[in-house]
Amino acid sequence: MNLNTWLKTEVNPWRHNMSDNKVNITINDVLHSVDEGRMLIEITDELGIYIPRFCYHEKLSIAANCRMCLVEVENSSNALAACATPVTDGMVIDTLSHSTKTAQQSTMEFLLINHPLDCPICDQGGECELQDLAYAYGKNNSRFDLQKLTKPNDDLGPLVSTDMTRCIMCTRCTRFGSEVAGIQELGTMGRGEASNISTFVKQTVNHELSGNIIDLCPVGALNNKPYRYTDRTWEMDQIESVSPHDCVGTNLYMHVKNNKIKRIVPMQNENINETWIADRDRFGFDGIYSEDRLTTPLIRVNGALIESSIEDSRRQLNTIISSLLQSKKTDKIAALISPSVSLNEQFIFSNYLSQLRIRNIDHRINQIDFSGDTLDPLFPHLNIELKTIGEMETIFVIGSDLRRETPLISHWVKKAADKGASIHFMDIALREYHFPISDYIISDTESLVENIGLVVKAATSIAKMDVPQYIQEQLNILTEPTATHHQIAQSLFTKTNTLLLNGLVSRSHPNFSLIRSYINILAALTNSNLGELTSGANSVGAYITGCIPHRNLLGQSSEPGLNALEIASRHHDLLILYGLEIDDCLYDQLLSETIKGSKKVVVFNSFMEPVINDHADIIIPINTTYESKGSFINLTGQLQHFNQELLLPNHYYSNEELLTDLVKERALDTPNFNDFIKDLESFIDQSITNRNYIKEFPVKTSNSNPVETTNTFNMYNIDPILRRSKPLQQTKESKSNT
Ligand code: SF4
Ligand code: FES
């Protein structure tokens, strides 16, 4: 096996089971039966026997270049690197012997020769692997009294700071680039003592997962630039959290001091994000400290906004609603809610409107075509675990800027590609991916529908199966599939583990419903798994809680109200916006005009924006999810809780309390969230298990909406928090999209 194949093999055959054979080895005088061929360091880690290391990382290939893991092995003339030594029968290892200690101490002495003595001002202080191991394995004195080497720094952009003199050349960062990100933004330059880590042509690091090199770097060479020189690790509390920026549900730790988030790092979850997080999950939180943060309720009096109390603003909203109810104008009330607010808020908000018989509510602010609402699944989802994407043999992605929409799902697709899966794309633009792609069909917006139809047609001809007459009739009006359409269909047929992913470009397409029907039929024909990506962190929750006009709580059907596009296109007697701002919406211009033209506008938001400042009648500040407790449901239906009550100054209420008080003030039934949660998990399980693929076409298959699908997706401008994050707004991604 050559090096390239080895690098591309996610499961390194020298590291993991080479066979089912067990061998007996002795470690520190204790006999163990272990898998033959696995690396010694993996075995000792599992047995809880610590061996120091720098270059070894369980998610990366083995470099064996730091030599910190040297251990004494019987009958070997030298100490051996535990990270690169496969175990064999009869091996006798001593991790505590004098010889092992001497080897490790010598390595440490060598590594410290050129390492600067700047721990007191280094941001890695307190969490530096070199510092820790120097205390445990280092000598008290250095015999090196010559001048230490210094190395030039590169400007890697606004997110990652460099102090390359601290680098110990472990190459974790460069291996991350080539093996995980798929693009080698950093590389090793020079040889011997002149070697250093740098970008090849003075580039910045721009990959959507690049910030992970900060966590990988065992010393203070690569650090978190915005966090730099601010706080010490031991001063902060660590709070578990979930990313509010996409439907993946990435697990995070927030590091908090004095009620303020200082930085965010990954929380390991092998089923969702492994040990990685996207840059927007790491740096996005900065947006919550934006200067236009709302902290005081505001009410418009004689054309001017004046400060109010939360009680008064709540009372005024209920008064407006009462007068509209009295004049039987519930159809003149409409509400849009963000797909990224917590399940708890969605539940109470939807329940409040539902008890008032207000059905004009939606969260699908990036969807144009609603003609397939009656065909909607109970909630859009992916029917397999995220980690299972990495096991797929064929993946067909339709209408998606996958790396920007969901960086972590793109990562799982890359893992499948690296293992040899056939990856096929069909999209309205050519986008850059750093893994092998078998086919890429680029079509204009209109012909995206026909192209997916042609893959279905190719599939029916390969399967030689009769499909229902109404499907055949629809396929008959299409042209003939090309070799590429056949190739994709063939790949879906011949492989066992196959997946179709329907992306956000498709969801915002004027013919989304027809595309979705085709994709469902294709999934049914080829027995493929199916995943529908959704905007925001909690679109699944919004479906389940009834924040859609055609369903109530837990999928109960209801008299349909206005959908998001209709709400944004008409003037209302009362328009309520909860947790979203105009730029979140695909039809921002329409929504802006509706805000200007509606009689009363009530906004619950965390930030001020110009149209709201000029036209809203009541503005009620709410906490962001970074400051709340609540839950999200990710696209695999996984319910994840977060509990971070970091109230801002002046905020003495949580969003949940605010909404509950709104309900109580009208003497409505107080919704019981705990009862809802009891039913929720079985509802989700049953819905995913019993899901039937859509095998019908929407009644109306063409759409003449005034809104166009966009093929540009700025991943740092998808919600109010990200577009206010200063570090992210300085990135190449943001600058190239402004
Ligand atoms: S910069 Fe950090 S991660 Fe990269 S080689 Fe140097 S020490 Fe290792
Ligand atoms: S950890 Fe084994 S050589 Fe670096």
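Helices H13 and H15 are oblique to each other, because their axes cross at roughly 60°, and an angle between 35 and 65 degrees is neither roughly parallel nor roughly perpendicular. The model in which they lie is predicted. H13 covers residues 447–463 and H15 covers residues 483–494, and the two axes come within 8 Å. Their crossing is right-handed.

On the H13 side, this contact uses Leu-454, Val-455, Ala-458, Ala-459, Ile-462 and Ala-463. On the H15 side, the partners are His-485, His-486, Ile-488, Ala-489, Gln-490, Leu-492 and Phe-493. Sorted by class, the contact of H13 with H15 holds 10 nonpolar residues, three polar ones and no charged ones.

H13 also meets helix H17, residues 512–526. Here the axes come within 9 Å and cross at roughly 20°. That angle is under 35 degrees, so H13 counts as roughly parallel to H17. This crossing is left-handed. From H13, the contact draws on Leu-448, Val-449, Ile-452, Gly-453, Val-455, Val-456, Ala-459, Thr-460 and Ala-463. From H17 come Leu-514, Ile-515, Tyr-518, Ile-519, Ile-521, Leu-522, Leu-525 and Thr-526. By class, the contact of H13 with H17 has 14 nonpolar, three polar and no charged residues.

H3 passes H4 in a left-handed crossing. Gln-104, Gln-105, Met-108 and Leu-112 of H3 meet Leu-133, Ala-134 and Tyr-137 of H4. These residues divide into five nonpolar, two polar and no charged.

| Pair | Axes come within | Crossing angle |
|---|---|---|
| H13 and H15 | 8 Å | roughly 60° |
| H13 and H17 | 9 Å | roughly 20° |

The protein chain is divided into domain 1 (3–112), domain 2 (298–375 + 537–689) and domain 3 (386–533). The centres of domain 1 and domain 3, taken over C-alpha atoms, are separated by 43 Å.

The model also holds a ligand, ligand 1, which 14 residues surround. The closest are Cys-167, Cys-170, Cys-173, Cys-217 and Ala-221. By class, the shell around ligand 1 has 12 nonpolar residues, one polar residue and one charged residue.

Definitions and conventions. Residues numbered from 1 in each chain as written. Chains lettered and ligands numbered in written order. Predicted model: local features only at pLDDT ≥ 70, side-chain atom pairs only at ≥ 80, totals over all residues. Near = placed C-beta within 6 Å. Nonpolar A, V, L, I, M, F, W, Y, C, P; charged D, E, K, R; others polar. Left-handed = near helix turned anticlockwise from the far one by under 90°. Helix = DSSP H or I, 4+ residues; strand = E, 2+ residues; numbered from the N terminus. Contact = placed C-beta atoms within 7 Å. Domains from an automatic or database assignment. Axes fitted to C-alpha atoms, helices over the stretch in contact; angles between N-to-C directions. Parallel < 35°, antiparallel > 145°, perpendicular 65-115°, else oblique.
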